[in-house]
Amino acid sequence: MLSPLPIVERSILVFSTWAVLGFLGLGLLLEGLTRDSVTLSSLGVGGIVLAFVVHIVINGVFDTGFSPGETALGIGAYGLLGLVFVIGAITGETTMADFYSGLIFFGVLALGFLTYLFTRHGLRGAFSRFHVKPASLGEGA
Amino acid sequence: MIWLSLYGLFYIAMTLYWARVGARENGDFETYFSAGHALSPWVSALVLAGASLSGWAILDASAEVGHSGFGFPALLQAGIALALPGVLFFKRIWLVGQRLRLSSQSELLRSYYGSEFLVCVSTVIAVLFAVAFAGLQLSALSRLVEGLTGGAVSAPVAATLLAVVLFGYVVIGGMRIVGYLGAIQAVLAAASVVGFAGFALIAVGGFGALNAGLATLSADPLQAGRFMVSGVIQFTTGAGREAAAGHEGTALASLSIAFALMGFQASPLALKVILSMRTPRALAAGQTWVMAGAYGGLVALCVGTVGAASLIRPDLGLSGLLASLSPWFAAWLFIGLLAGVQLMAGLGLLTAGEALVRHLYKPWFHGRLGRRDTVTLTRVVIGLLAIASVLMQALTPVTLSMLGSLALPLSFQLWTPLLGITWLRWITRPAAVTGVGFGIAGVLLTEPLGIAVLSFFGLDVPWGRAPWTLHSAAWGMAANLAVTLLVSAFTQRRGFSEEAQEIRRFLGIALRTSARARALRSTAWSVSLAWLFLAVGPGLVFGNGAFLGPDRQWLVGMPSLWGWSLLFWALGVGLVWFLSYKMEMASPLSMDIPAYAPHPKLRVHQDAQERDRVRALVVTSAVAFALIVLTALGFSR
């Protein structure tokens, strides 16, 4: 169990990482979409992935995982952006460059998320993260 | 507009989140002023570097380079100039603070010198930083907001919004949030500086194109002066009275500007951070790698780049650059700028509020004020200071500018009392007090505010701002040092207070240097003086032609003085490392420091005296006001 101070320090590092790398990545992604440049938007995706990697390193340093709030925010934002992308694709307002950029963004993030789960928890353990066990069976069942 | 609003909302949400964290850990008010002396070393290092460098460097230094060229190389050495005083003072001050359980510069000066004058000076400097120095930068940000939103949000409205955000989080979280949020703000500000440099380079077509543009500019005889310092010194009567030949940027002008910058590390703001630290373990690393290395590099390279870009293309000033970018990048860079300025402003507001309430009002006028009420009153005072700053930004920008330019040189005058506490034991109480008094007079007499006030009273001094091209910080220190030396020589037999004797005894025991460090002492003196001479002192004249070929071409592909500055920034990092670690001036230290227990004293009932003081204050203020009005009416033109 970590004392409160390192938890705060971890949060400072996480905030700093996302405020710098996350927003830079977001900016590049948007710039790529605006200019129809898959290269630029891929750089943006790279920035966001880098932010994730740094976040995971910070977690490693402080010997912790993603907090429930972080997980909810991440999955929520991913779902919302995915919805926007799907609606955009259905209504035909996306160019091919936008389409490829979106695929790269969502594909890389999904792949990265799975890789993180597998490397952190192993194949079986990763599945167990989503496997809801009935309370009556208990941990040892 | 939409992106600026979105990023702004993110920033506000972030400040509120950290304010909540800070308030919970404070227990509302218990550790409001000093974060329970628990700020971690790396957080403190970031806060110090961010507060010292980020805001003014990108706003003012880049504008100065864009306007005047490379004639003030000291601006590009700001990282080293700011790290050196940290190496000199911080470790010793932290030790003293820990021993006597002090949490601010005012308490330190009161304990050692027992001087209420020095406490008042420290308070005034804190207020100047909080209201005027930070106010100037917030005002510049407000104008940027007006530009970014196409006038939809006017500068006064933006200034009010920025002040409300600042006031909100400082009032809620106190020193703890200044530390926690300050670390994030420092990183954001640094990223913003890198971003500005990157976009400036993209706009001008890369580093090669930038230097080609500079080379074209320098080939024009009318512009060539922007790429060199104009001699060692020029004996002009000062700006506004007599123009210097070429420009004001002499080598000694740079040295005196470096002195002014060094004032920040002797300010109540910097010491507030130091005295709130948990341990001095990271002082050496903070000063060497964060302040001198990372942030110093940002200033020498990135701020220089932004300034150089606007030198060849005046439309690429900060506002022009922001206007030329996509809205998401512009908003991100602006939030970084805002973070850097608010870091310094928040620290200033907290320090000034504490100094006014806890170190002046409470001991003099309301000794029975409880801890909770002290915090509450400080929060009110912080609000009033924020309001004063916003009103001055809108109504009296010239006065704000004059007051803002006083903060650094006045703060530099506190070097002598701090040297007396930490290194030079022969500086006596009367010497420190008189020296600072004369130092302040020296600063005021060579600054626009002092000259304007004297003119208001009908007295025209025969010099202008910065006579002999020397910044007021140097004039003040010349008077300060001369008087301190003289008075110290005559007052050596005066005794020191009990606390002062304890500080001297304790530092003597705790800071015994190793034989290796003692053997390196002469080397340390030599390399430090050599660096000061060549990097920011008279030796800068060598930088004019150090990297020029036989037919005046640039050998390193960039202006000779810029290359010289980058070289001495790198050497400066080495110097700071050498002094911090090898000379053990800021080296890690692990020892238990028990609190000093003073001899018990009888508590004197002060209610009647406090009432008398309030009465005296009111009467004195009224008489002073009347005298000022009468003198102005009688003598001014």
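A salt bridge is a side-chain nitrogen of Lys or Arg within 4 Å of a carboxyl oxygen of Asp or Glu. I looked for these pairs and found 13 salt bridges over all chains.

I noted that this is a predicted model, in which local features need pLDDT of at least 70 and side-chain atom pairs count only at pLDDT 80 or more, while totals for chains, interfaces and linings use all residues. Residues are numbered from 1 along each chain as its sequence is written, chains are lettered from A in the order in which they are written, and side-chain values use heavy atoms, with hydrogens and water left out.

**Salt bridges in chain B**

I looked up Glu502(B) and found its side chain in a salt bridge with Arg99(B), at 2.7 Å from N to O. Glu502(B) sits in helix α19 and Arg99(B) in helix α3, 403 residues apart. Helices here are DSSP runs (H or I, at least four residues), numbered from the N terminus. I then checked burial, where buried means under 20% relative accessible area, exposed over 50%, and partly exposed in between (1.4 Å probe, protein chains only). Glu502(B) is buried at 7%, and Arg99(B) is buried at 12%.

Next I took Glu354(B), whose salt bridge with Lys272(B) has its closest N and O atoms 2.7 Å apart. Glu354(B) lies in helix α12 and Lys272(B) in helix α9, so the pair ties together parts 82 residues apart in sequence. Both residues are buried. They also belong to a network of salt bridges with Glu107(B) and Arg358(B).

For Asp315(B) I found a salt bridge with Arg313(B), at 3.0 Å between the closest N and O atoms. Asp315(B) is partly exposed at 44%, and Arg313(B) is partly exposed at 33%.

**Between the chains**

How many salt bridges are there between chain B and chain A? I counted one. Glu9(A) and Arg278(B) meet in a salt bridge at 3.9 Å, N to O. Contact (heavy atoms within 4.5 Å) takes in 23 residues from chain B and 18 residues from chain A. The two chains bury about 1900 Å² between them, 79% of it on carbon and sulfur atoms. Buried area is the accessible area (1.4 Å probe) that two parts lose on being put together, summed over both. Trp42(B), Trp328(B) and Trp332(B) supply 27% of the area that chain B buries against chain A.

I also looked at Trp18(B), which touches residues of both chains, including Phe15(A) and Tyr180(B).

Methods. Helix = DSSP H or I, 4+ residues; strand = E, 2+ residues; numbered from the N terminus. Lists of a residue's contacts leave out its neighbours within four places in sequence.
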